[in-house]
Amino acid sequence: MVRKLFQQMVASQIVSAMAVTLCLLIDSIMIGRFLGVDAMAAYGFATPVLLAFAAFGSLLSTGIQVVCSKAMGSGDEGKINRCYSLSIIVALTVSLAGVLLIIIFVDPLCHVLGAQEGTEVFRLTRRYLIGFVIGAPAFIGAQILVPFLQMAGQRTRLVIAVLVMTAIDVIADLLNVFVFEWDTLGMGLASTVSYYVAVGVGIVYFFKKNCIYKFTKKDLGGGLFKEIAAGGIPTVINSLSLVLLVYIVNHTMMKVGGNAAVAAYSVVSTVANLGYCLGNGISEVSLMLTGIAFSEEDEHSLRETVKQQTWFAVVIDVAAMAGFLVFGGLLARLFVFPGVTAEEIAQAADTVRYATVGLRMFSLCLVPSAINAAFKKYYQGIGMVRFSEVISVVQNLAFPSLVVLTLGNLLGSKWGPTAGTVGVWLNYLIGETLTLLFISIYVKRKSGQKLFSLDSYTCVPPGFGAAKDELLELEILEKADVEKAALAATHFCEEVGENPKRTMYTSLCIEEMAVNILDYGFVEGRNNRIDIRLVRKRDQDLILRIRDNCEGFDPVNYYEMTKPDENDPARHIGIRMVFKMVKDVKYVNTLGLNNLTIRI
């Protein structure tokens, strides 16, 4: 089922990852195309602030995925609802505080970012920040809505929200250029409007009767936020590393090539953010599936996740690399205003030339970058949080900044601006390649497995999961499979030494629940399936997990709502019998799947 979930989720997750990036990309194109190189440089100076807001949104978004995926694996629906409620409160509080602080301190902030006070670039940087920051609540809100909508199976709604947001931003940017003429202020406001519209499209689901989340004010203490924050810290470190890298590159580019080089880096970094969405989408799917599998101690699913994330990273990013190599020059020209005066024309030509080379060199890093991003989230999902944080630092700061500060300055001082910018562009390929090598060597040493092997990259701790003779995994596609599954479960229980009573209970649970799903849950025309996983735990308990992609149905809620009928004693007898035979039953609906965990 892991491969099918990847196939179902990866496209919408990539589109969702683009939700933040697309508006910035559109603004960058419109600014560069219609407002000139100074405005493009101003956008580049403002980028660290945008990334800082994105870092906080990512903190919540990733933390939500980590906490909720573990809650899914253990069947804790209440925790998912508490996480949902707390994230809304925190996002609104912090984003509004951020808006107020930036509006008050916008001038000193522009100076710190590198814009020289009294220049046109300073004025344009200031105006863009003011226009953009008004949309911070929606900017962050869009990021936290993504995991909740993805878990609810609302993938189509996510895609629609991003498409609507993109259309609104393009229209608003064009109105700014040709009607209002508010320069970079109008571009920032266009993004603000589009983010609020996108959040409006997404938020409709949460007011529907069939919404799987319930807002609550109970048990929203600091412990839960600490858990969310801990889950999101690796992503924050990742984002802050990028902020520092952007700062280093901006200053290096200004030194080796002036405003044209800074503007070129704005082009490349903006397009690169879109390219990174491919790997980020894959990595977010990996994080969610890894968290669930790790909580269930499902080593088979973890191995399959490593295989699928690598396969998707290679296939998708090889295609993207070819596109960047072919259309790099066209993309660069989209962002740059051709100029009117001789000076403007020369500066625009330099910017296009630098950016074209940069985009093509960037494309070479896409495959290792996507693989690194997926591994980063995978290792976070299996509890190797510190290692995930280290990967973020070496991938987004240590290795690339080392290349920028050495090759950029060295080649620039020796052979001029063009060579200097090439030295900077090399940070993409060299940095990602060194990161992948660093990951491979570390997990090889930690796991004790062969270098570059699947066992090495899976890297599960000793004693993880059930031994092969204590685990049974089955698939049910039709009624004929039910009897086979029940018989296989009986043989399994006998082989592990279970007593006849628990053996019978296990077989009956599979029969009753599977037949119920087949009769009432299978949907015509859908590739329906039921996955059965039976584990003999170290505490001697038997854990039966039943997962299906059929119609949503909560047997726990159904059991609590139905009472025995004196006139029809056999009514609901199947579910009542199952609940009487077992220690505990937990149900969670997520990723469009019914997940039932039964402790025999």
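## Basis

Contact here means heavy atoms within 4.5 Å. The model is predicted.

Helix α16 covers residues 479-495.

The buried residues of α16 are Asp481, Val482, Ala485, Ala486, Ala489, Thr490, Phe492 and Cys493. An α-helix has 3.6 residues a turn, so residues three or four places apart point the same way. Among the elements that cover the buried residues of α16 are the strands β1 (471-476), β2 (530-536) and β3 (542-548), together with α17 (500-520). Just after α16, glycine 497 adopts a positive phi of about 85 degrees.

## Packing of α4 against α5

Two packed helices are described by the angle between their axes and the distance between the axes. For helix α4 (residues 106-113) and helix α5 (residues 120-133), the axes come within 10 Å and cross at roughly 120 degrees. Angles of 65 to 115 degrees count as roughly perpendicular and those over 145 as roughly antiparallel; α4 and α5 are therefore oblique to each other. Their crossing is right-handed.

On the α4 side, the contact is made by Val106, Asp107, Leu109, Cys110, His111 and Leu113. These meet Phe122, Thr125, Arg126, Leu129 and Ile130 of α5. By class, the residues of this contact divide into seven nonpolar, two polar and two charged.

## Serine 87 in α3

Serine 87 is part of helix α3, which runs over residues 77-104. Its relative accessibility is 2%, and because buried means under 20%, serine 87 counts as buried.

Leaving aside residues up to four places away in sequence, serine 87 touches Leu60, Ile64, Ile144 and Phe148.

## Asparagine 396 in α13

Asparagine 396 sits in helix α13 (residues 385-415). With a relative accessibility of 8%, asparagine 396 counts as buried.

When residues up to four places away in sequence are not counted, the contacts of asparagine 396 are Asn238, Ser241, Leu242, Leu245 and Lys376. Between asparagine 396 and alanine 97 there is a separation of 299 residues in sequence, and their C-alpha atoms are 28 Å apart in space.

Definitions and conventions: Residues are numbered from 1 along each chain as its sequence is written. This is a predicted model: local features need pLDDT of at least 70, side-chain atom pairs count only at pLDDT 80 or more; totals for chains, interfaces and linings use all residues. Side-chain values use heavy atoms; hydrogens and water are left out. Helices (H or I, at least four residues) and strands (E, at least two) are DSSP runs, numbered from the N terminus. The expected span of a helix is 1.5 Å times one less than its number of residues. Buried means under 20% relative accessible area, exposed over 50%, partly exposed in between (1.4 Å probe, protein chains only). Axes are lines fitted to C-alpha atoms, for helices over the stretch in contact, and angles run from 0 to 180 degrees between N-to-C directions. Angles under 35 degrees count as roughly parallel, over 145 as roughly antiparallel, 65 to 115 as roughly perpendicular and the rest as oblique. A crossing is left-handed if the near helix is turned anticlockwise from the far one by less than a right angle, and right-handed if clockwise. Ala, Val, Leu, Ile, Met, Phe, Trp, Tyr, Cys and Pro count as nonpolar, Asp, Glu, Lys and Arg as charged, and the others, Gly among them, as polar.
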